[in-house]
Amino acid sequence: MDEEDAPVTIDVESSRTANEQGAAMDQVSYEHWQASMTNSSDVFPSARPQPLTLPDGKPTIEAWPLDQSILHLNHGSFGAVPNSTLNAVAKYESQANRAPNGWFPRVGARIRDMRSQRAATIREFQGNMSRLGLTAERIGKDFGVSGSRVKQIITLKSGVLEYPWIIRAYLLSKAAAQGVELTPFTALRGNPHDYWFLDGDFIDRGEID
């Protein structure tokens with residue numbers, strides 16, 4: 001009889017033992033999973049991060065007009081507009097609706113003024129860094145970030161309104177220490193705490209990511 005034609009024998013007792021062991025392992029795995037679901041902090045210490053809060057201690061979700069009865073896991077590709085932006089839009093819409101004939105003819109001039117301020121701020125950063133003998137790489141080293149990150153900030157491309165103010169404060173501090181007079185910033189002027197759209201406490205911390 002060829003080997004392939006030989007009858008297949010099954011060790012019933014060994015099979016039963018293996019099945020029982022497998023079932024026991026499955027039960028242990030299930031109980032471990034169940035425990036992790038009920039007390040994940042014991043099994044996965046980092047599974048429950050501390051909730052994010054706003055500077056005033058309120059939950060971060062309150063910065064958006066999100067329905068808090070819904071669990072929002074992510075709004076990366078698309079999402080709600082922050083309340084601060086909505087408030088700014090409402091303010092401009094109110095101005096436009098109160099006096100349309102005065103508002104709309106001046107829109108072009110307003111845009112030109114903003115572009116002019118942007119260009120002036122970039123020149124002022126570059127000029128003042130030159131006066132202090134600082135490069136983007138040197139500033140980045142002091143903040144623990146790359147020089148390219150600093151270049152993003154001083155060209156107003158970082159996407160964080162507070163970052164240019166942090167660099168401004170850094171330059172003013174360096175100028176005071178060296179006794180150097182800087183070119184005044186035309187747009188970044190005054191106390192950032194006086195601007196409703198800025199997080200003054202964030203600026204005071206002086207941290208850049």
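Glu-137 is partly exposed, with a relative accessible area of 45%. In this predicted model, its side chain meets that of Lys-151 in a salt bridge, at 3.8 Å from N to O. Lys-151 sits in helix H7, residues 147–154, while Glu-137 belongs to helix H6, so the pair ties together parts that are 14 residues apart in sequence. Lys-151 is partly exposed too, with a relative accessible area of 44%.

The count of salt bridges comes to 2. One joins Asp-142 and Arg-138, at 2.9 Å from N to O. Both of these residues lie in helix H6. They are 4 residues apart, about one turn of the helix. Asp-142 counts as partly exposed at 34% relative accessibility. Arg-138 is partly exposed as well, at 38%.

Stay with helix H6, which covers residues 136–143 and holds Ile-139. Is Ile-139 buried or exposed? Ile-139 is buried, because its relative accessible area is 0% and buried means under 20%. Leaving aside residues up to four places away in sequence, Ile-139 touches Met-129, Leu-134, Val-150, Ile-167, Tyr-170 and Leu-171. Arg-149 is 10 residues from Ile-139 along the chain, and their C-alpha atoms are separated by 9.9 Å.

Now move to helix H5, residues 107–132, where Glu-124 is found. Side chains of opposite charge can pair when their charged atoms come close. Glu-124 is buried yet has no salt bridge. Which side chain of opposite charge is nearest to Glu-124? That is Arg-123, which is 6.1 Å away. Beyond residues up to four places away in sequence, Glu-124 touches Thr-183, Pro-184, Phe-185 and Thr-186.

Which helix gives the most to the lining of the largest pocket? Helix H5 does, with 8 residues. Helix H3, residues 83–98, and helix H8, residues 162–178, each supply at least two residues of the lining, as does H5.

How far can the model be trusted? The protein averages a pLDDT of 81, and 76% of the residues score at least 70. Over residues 1–25, the pLDDT is below 50. This stretch has 2 contacts in the model beyond near neighbours in sequence. Where pLDDT is low, the predicted coordinates should not be read in detail.

Note on methods. Residues numbered from 1 in each chain as written. Predicted model: local features only at pLDDT ≥ 70, side-chain atom pairs only at ≥ 80, totals over all residues. Heavy atoms only, no water. Buried < 20%, exposed > 50% of the residue type's maximum accessible area, 1.4 Å probe, protein only. Lys, Arg positive; Asp, Glu negative; His and termini not counted. Salt bridge = Lys/Arg side-chain N within 4 Å of Asp/Glu carboxyl O. Contact = heavy atoms within 4.5 Å. pLDDT = per-residue confidence, 0-100.
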